[in-house]
Amino acid sequence: RRMNLRYIWEEYRQTEPGGLGYSQFCRRYQDWRKRTGKEVVMVQEREPGKELFVDWMGDTLACVVDTGTGELLTAHYSNQGIFYSTMYPWQRNLGYCELYNTMAPLAGMIISDKKITFNYDYKTWRIWLWKGLYGSTTGAEIGVYIYSKTYSISYFGRTSKQDWYRCANDSERLYMSFTLYKNGKKLFSRSYQLHWWLTGFKPGMSYWWDTLRMDITITFKTLAMAKAFCSAAGFKTPTSTTVSFSW
């Protein structure tokens with residue numbers, strides 16, 4: 001993902017400022033290929049029509065469109081071949097409500113979500129999980145949110161009350177990790193880290209979200225917090241602050 005002829009030529013010119021121009025460099029490369037019969041390629045097996053593959057060079061790609069503003073946003077890329085969100089994206093200023101899930105199919109997202117809401121330290125917390133098809137990628141998310149207020153929102157000629165949750169601030173972040181499986185085969189992992197919104201999106205289509213499984217680990221701030229979460233989720237009472245489960 002960081003290598004092409006242009007990049008190699010630019011590195012070459014840094015060490016040889018008076019060296020070959022780009023066109024001559026490419027011609028020498030093609031002559032070398034013909035003379036040696038060697039190919040610099042990476043072979044990938046793929047089933048036609050099943051998955052979408054995107055090739056580019058670099059660690060980021062401007063490929064995510066904010067459906068509300070039309071702004072083209074930059075996604076970050078990992079060595080597992082996934083996109084993921086950063087710690088301080090623009091979404092952190094907005095929060096979340098159920099209406100976003102309702103409207104998700106209009107943006108090409110066919111996703112399933114799970115909400116675990118519990119009270120701790122005089123706050124109403126929500127651990128929100130998502131998995132499914134995000135446009136041309138298959139992905140999953142864990143979000144940490146705090147109840148803010150209830151709004152009346154009008155859409156499609158109707159009005160409903162929506163509980164609005166703000167994104168966790170830095171002091172409210174939790175250590176967490178997850179691994180996403182498709183039909184029992186590992187797609188990718190997000191390593192154990194302090195975060196408020198741990199995400200991963202791998203290019204390639206999934207047929208149905210229910211073929212996906214997340215193995216999740218979350219470490220809560222205290223044992224009392226872990227117990228409140230497990231009680232709300234219907235899990236057995238934990239004996240430590242770290243809780244692991246599958247969904």
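Two strands count as paired when DSSP finds at least two bridges between them. Keep that in mind for this one, which is a predicted model.

Start with strand S11, residues 212–219. S11 and strand S12, residues 242–246, pair in the antiparallel sense over 5 bridges. On strand S8, residues 174–182, the pairing with S11 is also antiparallel, over 8 bridges. So how buried is S11? Of its 8 residues, 6 are buried, so the rest of the structure largely encloses this strand.

Thr179 stands opposite Asp215. Ser246 in S12 stands opposite Asp215 too. Asp215 is partly exposed, at 24% relative accessible area. Its salt-bridge partner is Arg213, with the closest N and O atoms 3.0 Å apart. Arg213 is also partly exposed, at 33%.

Next, Glu172. Which side chains does Glu172 meet in salt bridges? One is Lys123, at 2.7 Å between the closest N and O atoms. Lys123 sits in strand S5, residues 123–134, while Glu172 is in the loop between strand S7, residues 158–167, and S8, so this pair ties together parts 49 residues apart in sequence. The other is Arg166, at 2.8 Å, N to O. Is Glu172 buried or exposed? Buried, with a relative accessible area of 1%. The cut-off for buried is under 20%, so Glu172 qualifies. Lys123 is partly exposed at 26%, and Arg166 is partly exposed at 30%. The search of the whole structure finds 7 salt bridges.

On to the cysteines. Cys167 is buried, at 8% relative accessibility. Cys230 is buried as well, at 2%. How many disulfides does the structure hold? The count is 0.

Now the surface. Trp90, Leu94 and Tyr100 make a nonpolar patch of about 260 Å². Tyr100 belongs to helix H3, residues 98–103. Tyr100 counts as partly exposed, at 34% relative accessibility.

Last, the whole chain. The protein chain has 4 helices and 12 strands. Of its 247 residues, 38% are buried. Take the contacts with a separation of 6 or more: residues 24 or more positions apart account for 53% of them. The chain exposes about 14800 Å², and carbon and sulfur atoms supply 52% of that area.

Terms used: Residues numbered from 1 in each chain as written. Predicted model: local features only at pLDDT ≥ 70, side-chain atom pairs only at ≥ 80, totals over all residues. Heavy atoms only, no water. Disulfide = S-S within 2.5 Å. Buried < 20%, exposed > 50% of the residue type's maximum accessible area, 1.4 Å probe, protein only. Helix = DSSP H or I, 4+ residues; strand = E, 2+ residues; numbered from the N terminus. Patch = residues over 30% accessible without salt bridge, like charges linked within 9 Å, V, L, I, M, F, W, Y side chains within 5 Å. Areas by Shrake-Rupley, 256 points an atom, 1.4 Å probe, with all protein chains shown as cover. Salt bridge = Lys/Arg side-chain N within 4 Å of Asp/Glu carboxyl O. Contact = heavy atoms within 4.5 Å.
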